[in-house]
Structure formats: structure tokens, C-alpha cells
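Student: I have a new structure to look at, and I would like to learn how to read it. Could you walk me through it?

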Amino acid sequence: MYVGLQIPSFKYPGGAAAIRPKLKEIVTTAEEAGFYSLWVMDHFYQIKGLFGEAYTDPMLEAYATLGYIAGLTEKAHLGVLVTGVIYRHPSVLLKMMTTVDVLAGGRTYFGVGAAWYEQEAKGYGIPYPSTAERFELLEDTLKLAKALWCSEATEVSFAGRRLSAPAITNNPRPLSTPHPRIMVGGTGPNKTLRMVAQYADACNIGDWVGVENMQKALDDLKRHCEALGRDYDTVEKTSLCTVHLSGGDTVEGILRRIRELRAMGFTHAIFNMPDAYKITPLEIFGKEIIPAAAEL
């Protein structure tokens, strides 16, 4: 079982000037501790009420942050969990993703979803289309990613339902083989999980939906794989949950959760750790949790 770390908060003691050195300490400690992957959220507002924070609390732009993390690390896989497809033009987004992959030496995931934080989008003046339109844009983006990254051509032309790219360049190519791992986040039984089966290398399912719904999402994914002739086992199953080792969570409790996830079929457990800035929780993961999870 792989173990990943998502860094969801930048509200560190010392204010804005402390973010850069503290983030460096977090990611270098996490890589040394053996975390398989490192992730950031794609938000401009902090999520209201998350970890007791306000929407005006510090939040960094995801891809600039991921580029910084790429320069600090050598082994951990990197990704955005997950990119809101409405926030950047998809062809520019894929250029950004390719850039990070090249600078990371080919160890990235392209995490993407239909976006959900309407207040954030409207606050920034970003159009927030209907659910149907957002999912059409998501599918176009997935098709464009496959057309771009699976082609040997230096230039690709694409036309979809919601976007077109008449002459998108493909130079440099990603270093990940065969391309950055495409991850779709969400549990929608008809659209989201069908897109996972059709286009993606990985899914991400949050534990806030409950164990029964997590299992149902995997069952729905299997159904779509069977309908499309896709081998269900070729889809990487990742989960996301939040832990506070400096709060009420314990090593045994986290290991029990990992074992439950493994029993359902997940192979990559990603943890939100809002107390990662204290560093000790990362070190405990490295000594007591990651080695045990690797044996599952």
C-alpha cells in the first residue's frame, strides 16, 4: 500500500514569510520519511470550515507550488488533487502539467475533476457553468490530454464539444512514461466513474462519503470497466482522508484505516495532514506507518 501526503493548509506560524521555508521543510521531511506521493489542492480560497480555517486564510496557487516542490524533491510522485477544470484553459493547463512533469523528471499525476467550489469561482470572477457543461469540459480535457500525450507529433489539432485547440504544440514532451498518470477525482456513478474507466489511469475517492459509498464507487467503476472492456485492475485506486496525529488520531487507528482501504481494493492512501507543519507527524508516519503499510 502506497502512502501519500496532501498539504492542504499554508497557515503557518510566522505568516506569509514563513510559508516558503516551512513548505520546504515539510516536503523534504516527507520525502525522507518515505511518502510515495505529495499533493496540493487546487483552490484560491481555503475551503470554508476545513480544519477550522476561514476562506480568507492563506492559499497558494497549485501549479506554481507544485513546480517549487518539484525542485525540492527527487523521488516522490507529485500532483494536484484535483485540478478544477474550469480554472484554466485546458490547453494551457496541459502545457503547465507537461512543464511540471519535465521539471520533476517524469514523476507526476494529472489530477482533474469538474470543480465544485462555486463561491470561489464567482469570487474570482471565473465563469461557473452548469454541471452538464462542466462535465462536458472535463471530458474534452481528458480527450485532449490523451490526444496530446499519446501522439508522437510535435503539433496536435483538437476539436471537442466545449473546447478546440487548432495547433497545440507538444514540445517538450512529458518525461513520465507513457505520460503523466491521469487521475479523475469524484464518485459520480454515471459520468465521473465512466470517465475514469474510459480515460484515466487512476481514480480518487474521498472517505467523507463513508465506507459503504466508497465501496459502491469501486463497484460502479468495475461496472463501467466491464462495459468498456477495460481491465478493472489496471485502474489505480487512491483514497483521500484527513488525519491529525497531533490531535485525536493514533498510529494504530491510521493503520486500521489503511487495512480497511486495502481490503476494499485501494492501493494508494493519501492523507490530508493539516498539522504537517509540526514535522513530528511526518516523522511518525515515516517510522511507524509507511513501513507497515508497505507490507499490506
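Tutor: Gladly! Ala 115, for instance, is found in the loop between strand S5 (109-113) and helix H4 (118-123). Residues are numbered from 1 along each chain as its sequence is written. This is a predicted model, in which local features need pLDDT of at least 70 and side-chain atom pairs count only at pLDDT 80 or more, while totals for chains, interfaces and linings use all residues; side-chain values use heavy atoms, with hydrogens and water left out.

Student: How many helices and strands are there in the chain?

Tutor: The chain has nine helices and 11 strands.

Student: Is Ala 115 buried or exposed?

Tutor: Ala 115 has a relative accessible area of 15%, so it is buried. Its phi is near 75°, a positive value in a residue other than glycine. Ile 279 also has a positive phi, of about 70°, although it is not a glycine. Ile 279 sits in the loop between strand S11 (268-272) and helix H9 (280-294), and at 8% relative accessibility it counts as buried.

Student: Why is helix H6 described as largely enclosed?

Tutor: Helix H6 (residues 192-199) has six of its eight residues buried, so it is largely enclosed by the rest of the structure. The buried ones are Thr 192, Leu 193, Met 195, Val 196, Ala 197 and Tyr 199.

Student: What is a nonpolar core?

Tutor: A nonpolar core is a set of buried Ala, Val, Leu, Ile, Met, Phe, Trp, Tyr and Cys residues joined through side-chain atoms within 4.5 Å. The largest one here has 94 residues, and Phe 35, Phe 110, Phe 271 and Phe 285 have the most contacts inside it. H5 gives the largest share of this core, eight residues. Apart from it lies another core, of eight residues, including Tyr 36 and Leu 240.

Student: Now, how do I tell a cavity from a pocket?

Tutor: On a 1 Å grid over the protein atoms alone, a cavity is a set of points where a 1.4 Å probe fits but cannot get out; a pocket is an open set with protein on both sides within 12 Å along at least five of seven lines, and lining residues have an atom within 4 Å of a point. Grid points are joined across faces, edges and corners, and a volume is the space filled by probe spheres set on the points. The largest pocket holds about 730 Å³. Its lining has 31 residues, with Val 82, Trp 116, Gly 185, Gly 186 and Trp 208 nearest its centre. S9 gives the most to that lining, three residues.

Student: How many cavities of 30 Å³ or more does the structure hold?

Tutor: The structure holds one, and the volume of the largest cavity is about 40 Å³. Among the residues lining this cavity are Ser 91, Leu 94, Asn 171 and Pro 172. Helix H3 (90-103) supplies the largest share, four residues.

Student: What joins Asn 171 and Pro 172?

Tutor: A cis peptide bond joins them, with omega about 10°. Asn 171 lies in the loop between S7 and S8, and at 56% relative accessibility it counts as exposed. Pro 172 lies in the loop between S7 and S8 too. Another cis peptide bond joins Thr 177 and Pro 178, where omega is about -5°.

Technical notes: Helices (H or I, at least four residues) and strands (E, at least two) are DSSP runs, numbered from the N terminus. Buried means under 20% relative accessible area, exposed over 50%, partly exposed in between (1.4 Å probe, protein chains only).
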